[in-house]
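This report describes the fold of a single chain, from its secondary structure to its sheet, its flanking helices and its nonpolar cores.

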Amino acid sequence: QIKDFFKTHHPLFRDGYYRFDARIFTVAEISARQALIECAPDIYNNHRLGYKPHILIIGFDRLGESLLLQAVQWLTFSCTHKLNVTIIDRDPQKKDYISDKYPFLINFVDLHFSDLDAQYLNHDKFNKLQQDDIFLIIFISLGDEISGLQTAINLNNFTTTKKIVFTSQRT
C-alpha cells in the first residue's frame, strides 16, 4: 500500500520505478522468515505417498500471521500437496479475520482453527487437533513469553512432533 502510494505521488517512483523498488518488511515478517529458514517444515516431512505437511501455529498475533503466510509461500514451491495448518488462538474471531483478509489461502492451505487455550492442551486434545497427519513442526507465537515457554514445556511432555519452535517478537 505504501509502495503504491509512492509510485503515484513521488516523482522518483513515478518516473523511474523500473530502476528503483521499495520493499518494506516488518519485524514479524523477518522473524517468521528466519524461523522458517532455520526450522523448515519440509525437512521433517517423510514424503510418504499422500502425506500432507501439517504445521501447528499457537497464537495468531502479527508473528503468527506472518508464520502462516511465509509457510504457505515456502511450502507451495517445495511440495505437491496443500499445506495443512492448524491454528490455536483463544480469540474465535481470528478465524473470520483470516478468511476475510486472505480469501486466496483456501487454494494453498487446508486451514483448521481452534479457540482452545494452548496452555491447557493435553494428549487427547492434541491428538484430535492432529487429525490424520502428525504435526511436522509447532510454532509457538504467544505475546507473553512466559506463557509461550510454559506451552512449549507442556507440549514437550506428550508430543512426538520433531520440532517445537518458540518465537518471540522482542526487539
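The chain contains seven helices and five strands. Along the sequence these elements follow the pattern α-α-α-β-α-β-α-β-α-β-α-β. The model is a predicted one. Of the 171 residues in the chain, 40% are buried. Among contacts with a separation of 6 or more, 77% join residues 24 or more positions apart. The accessible surface of the chain amounts to about 10300 Å², and carbon and sulfur atoms contribute 53% of that area.

**The sheet**

The five strands form an open sheet with parallel pairing, arranged in the order β3-β2-β1-β4-β5. β3 and β5 (163-166) are the edge strands, each pairing on one side only. On average, neighbouring strands of the sheet are turned by 15 degrees against each other, direction ignored. Within the sheet, β1 and β2 are joined in the parallel sense by five bridges. In this part of the sheet, His54 stands opposite Asn84 in β2.

**Helices on the sheet**

| Helix | Residues | Strands | Angle |
|---|---|---|---|
| α6 | 123-130 | touches β1, β2, β3 and β4 | about 125 degrees with β1 |
| α7 | 145-156 | lies across β1, β4 and β5 | about 170 degrees to β5 |

Helix α7 lies across β1, β4 and β5.

**Nonpolar cores**

Which residues of the largest nonpolar core touch the most other members? Leu68, Val85, Ile87 and Phe139 do so, in a core of 24 residues. The elements that supply two or more residues to this core are α3 (27-38), β1 (54-58), α4 (62-78), β2 (83-88), β3 (109-114) and β4 (137-140). The largest share, five residues, comes from α4.

The surroundings of Leu68 can be listed in detail. Leaving aside residues up to four places away in sequence, Leu68 touches Ile57, Phe60, Val85, Ile87, Ile98, Leu105 and Leu111. Val85 and Ile87, which are among these partners of Leu68, also belong to the group that touches the most other core members.

Key. Residues are numbered from 1 along each chain as its sequence is written. This is a predicted model: local features need pLDDT of at least 70, side-chain atom pairs count only at pLDDT 80 or more; totals for chains, interfaces and linings use all residues. Side-chain values use heavy atoms; hydrogens and water are left out. A nonpolar core is a set of buried Ala, Val, Leu, Ile, Met, Phe, Trp, Tyr and Cys residues joined through side-chain atoms within 4.5 Å. Buried means under 20% relative accessible area, exposed over 50%, partly exposed in between (1.4 Å probe, protein chains only). Helices (H or I, at least four residues) and strands (E, at least two) are DSSP runs, numbered from the N terminus. Contact means heavy atoms within 4.5 Å. Accessible areas come from the Shrake-Rupley method with a 1.4 Å probe; for residues, only the protein chains shown count as cover. Two strands pair if DSSP finds at least two bridges between them. Axes are lines fitted to C-alpha atoms, for helices over the stretch in contact, and angles run from 0 to 180 degrees between N-to-C directions.
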